[in-house]
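Okay, thanks for having me. I'd like to walk you through one chain today, and I'll start by putting it on the screen.

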Amino acid sequence: VLKRLVGLVCSAAAGCQYCVAHNAHGLEIEGVDPARQAAVWEFETSPLFTPAERAALRVARSAGQVPNGVTAAELADLR
């Protein structure tokens with residue numbers, strides 16, 4: 001599930017609506033709670049995500065915007 005959420009956030013950050021739709025559909029097929037899927041856009045503050053998931057989603061967002069823009073701090077949090 002986290003891989004799909006990472007794909008969704010990264011795709012949105014990159015502006016690929018096809019990929020966003022593909023990942024959203026995959027989340028539905030996998031039976032992910034719609035509330036969790038909707039909350040992914042507020043992952044930094046949503047209680048539905050753990051600190052580890054937030055770190056992964058943060059890197060996905062940054063990588064989707066500018067791949068070499070992922071910071072050392074974001075990578076450290078991910079580790």
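I'll go from the overall fold to the charged side chains.

Quick housekeeping before that. What you see is a predicted model, so to speak of local features I need pLDDT of at least 70, and side-chain atom pairs count only at pLDDT 80 or more, while totals for chains, interfaces and linings use all residues. Residues are numbered from 1 along each chain as its sequence is written, and side-chain values use heavy atoms, with hydrogens and water left out.

Okay, the fold. We've got five helices and zero strands, so the pattern along the sequence reads α-α-α-α-α; helices here are DSSP runs of H or I with at least four residues, strands are runs of E with at least two, and numbering starts at the N terminus.

How does the radius of gyration sit against a compact globule? The chain comes out at 12 Å, which agrees with the value near 12 Å for a compact globule of 79 residues. That radius is over C-alpha atoms, and the rule is 2.2 Å times the number of residues to the power 0.38. Along the principal axes, the C-alpha atoms fill a box of roughly 35 × 25 × 15 Å.

On burial, 38% of the 79 residues count as buried. My cut-offs: buried is under 20% relative accessible area, exposed is over 50%, partly exposed is in between, with a 1.4 Å probe and protein chains only. Now contacts, meaning heavy atoms within 4.5 Å. Take those with a separation of 6 or more: residues 24 or more positions apart account for 36% of them.

Now the charges. There are 7 positive and 8 negative side chains, and the centres of the two sets lie 6 Å apart. For that count, Lys and Arg are positive, Asp and Glu are negative, and His and the chain ends are not counted; each charge is placed at NZ of Lys, CZ of Arg, CG of Asp or CD of Glu.

Side chains of opposite charge can pair when their charged atoms come close. How many salt bridges does the structure hold? Five, where a salt bridge is a side-chain nitrogen of Lys or Arg within 4 Å of a carboxyl oxygen of Asp or Glu.

Pair one is Arg4 with Glu30, closest N and O atoms 3.1 Å apart. This pair links distant parts of the chain, 26 residues apart: Arg4 is in helix α1 (residues 2–14), and Glu30 is in the loop between α2 (17–29) and α3 (34–39). Arg4 counts as partly exposed because its relative accessibility is 24%, and Glu30, at 41%, is also partly exposed.

Pair two is Arg36 with Glu53, at 2.6 Å between the closest N and O atoms. Here helix α3 is tied to helix α4 (residues 51–65), with the partners 17 residues apart. Buried or exposed, these two? Both Arg36 and Glu53 are buried; for Glu53 the relative accessible area is 15%. Leaving out residues up to four places away in sequence, Glu53 touches Leu2, Arg36 and Leu48.

Glu44 is partly exposed at 33% relative accessibility, and Arg61 is partly exposed at 29%. Salt bridges with shared partners join Glu44, Arg58, Arg61 and Asp77 into one network.
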